[in-house]
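Keep the 3D view open and follow along.

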Amino acid sequence: MTLLAAHAAAEVAGYAQVAKQIIDLAVFGAAQNRSYRRLADFTDAVGNRVSGSHNLEMAIKYMYNAMMQDGLDVHLEPVKIPHWVRGDESAEMIMPRAKSLSILGLGSSVGTPPEGIQAEVLVVRSFDELKRRAGKAVGKIVVFNQPFVSYGETVAYRAFGASEAGRVGAVASLIRSVTPFSINSPHTGWQDYQDGVKRVPTACITVEDAELMWRMAQRGQKIVVRLTMGAKTLPDADSFNTVAEIRGWQHPEQVVLLSGHLDSWDVGQGAMDDGGGAMISWEALSLIKDLGLRPRRTLRAVLWTAEEQGGVGAQQYYDLHKVNLSNFDLVMESDLGTFAPVALQFTGSDAAREVMEEVVKLLAPINTTKLETHGEGTDISPWMQAGAPGASLHVADSRYFWFHHSEGDTMSVQDPQDMNLCSALWAVVAYVVADLQDMLHR
């Protein structure tokens with residue numbers, strides 16, 4: 001053990017009692033199930049909150065008022081965000097038999113003409129197959145029936161499927177939903193048109209319908225689909241990142257930032273993605289305030305806007321605050337669900353990692369003492385790329401992509417006890433790092 005590590009171990013061990021107080025309050029005490037109740041109250045009142053919508057404005061007002069009532073220092077920071085509107089949409093298979101297809105248009109997609117697009121279908125399983133069969137794609141609707149490997153890998157089809165189809169002369173693209181499990185449920189998400197390529201309408205279909213059309217195509221059957229989408233992109237909208245703080249008593253200019261995003265897709269309730277992450281970031285501050293604790297540095301919870309459109313609110317926040325980069329001690333993000341916590345993921349220097357290894361030992365009462373590599377999150381990535389230490393919450397997320405960006409993302413997937421544990425972990429890590437003598441080494 002280095003001298004630095006030995007010093008860190010001794011200092012951090014001194015927080016065992018306060019860590020236990022935070023955990024007891026969150027898991028067994030007066031704050032038990034509070035983050036879950038807050039999430040239920042919020043999502044039931046507001047519903048889903050897509051970028052640019054009235055619901056998102058309502059959500060921001062709701063959280064501003066709720067955190068003010070909680071006695072925190074709260075303010076709003078203005079940003080401009082995309083405003084894409086789904087409109088009415090439908091799809092049906094005309095041949096080889098009549099069948100209604102469940103679809104969800106993808107964010108930033110263009111619409112079809114009012115009468116829709118009716119065309120023959122070309123089913124492929126990969127971008128490579130589309131390239132090989134490019135000559136057959138002209139004037140067709142390309143259906144991607146790509147297998148789910150992992151979200152990180154398979155999401156490329158959702159992001160770029162429309163442009164790859166447009167590039168070879170297709171009139172539209174339908175993408176198999178990016179999920180390992182389906183009950184005939186389409187999943188939406190953002191898609192990126194590539195410059196210089198014809199923009200064609202694009203939507204996700206269910207795993208079941210993608211596989212059905214694949215089987216039909218394998219038999220050599222002619223498949224015809226009619227697609228109607230009223231999607232359009234309106235001018236950028238005004239919005240806000242919502243910020244709540246407990247100011248540090250010694251170094252108020254230095255910041256430990258906790259975060260989740262407040263926007264969601266326009267389906268389900270956005271409870272899991274990312275209502276839970278937003279709520280535990282607020283809850284962490286509440287727990288610390290309830291115990292009368294005040295760290296040396298400022299604890300700042302930021303509820304981002306327009307994450308789903310590519311971290312738009314967070315990028316504007318970074319651009320505004322990066323002048324103070326050296327004062328950001330640790331940036332934290334929870335955006336992969338608030339199921340049972342498994343570990344803390346961390347990106348930073350070896351010296352910072354040694355300190356964080358000691359900090360997670362304080363989580364022994366809830367059995368999450370593991371520190372993993374690679375903090376992740378769309379919203380904190382600009383900070384980490386610039387050299388600030390970053391941390392994210394790793395939870396038992398095997399079911400996360402079952403519900404992700406679908407009508408299934410509701411309060412029913414949340415568990416109060418899991419959220420207690422996530423809140424406790426989030427609060428202990430944030431408070432201890434914010435109160436240590438020294439900032440984490442870069």
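**A helix on the inside**

Start with α13, where 18 of the 20 residues are buried, so the rest of the structure largely encloses this helix. "Buried" here means under 20% relative accessible area, with exposed being over 50% and partly exposed in between (1.4 Å probe, protein chains only). Helices are DSSP runs of H or I with at least four residues, strands are runs of E with at least two, and both are numbered from the N terminus.

A quick note on the source: this is a predicted model, where local features need pLDDT of at least 70, side-chain atom pairs count only at pLDDT 80 or more, and totals for chains, interfaces and linings use all residues. Residues are numbered from 1 along each chain as its sequence is written, and side-chain values use heavy atoms, leaving out hydrogens and water.

**Over to a strand**

Now find Gln254, which sits in strand β11 (residues 251-261). Is Gln254 buried or exposed? Its relative accessibility is 12%, so Gln254 counts as buried. Look for Arg297 too: Gln254 and Arg297 are 43 residues apart along the chain, yet their C-alpha atoms are separated by 5.3 Å.
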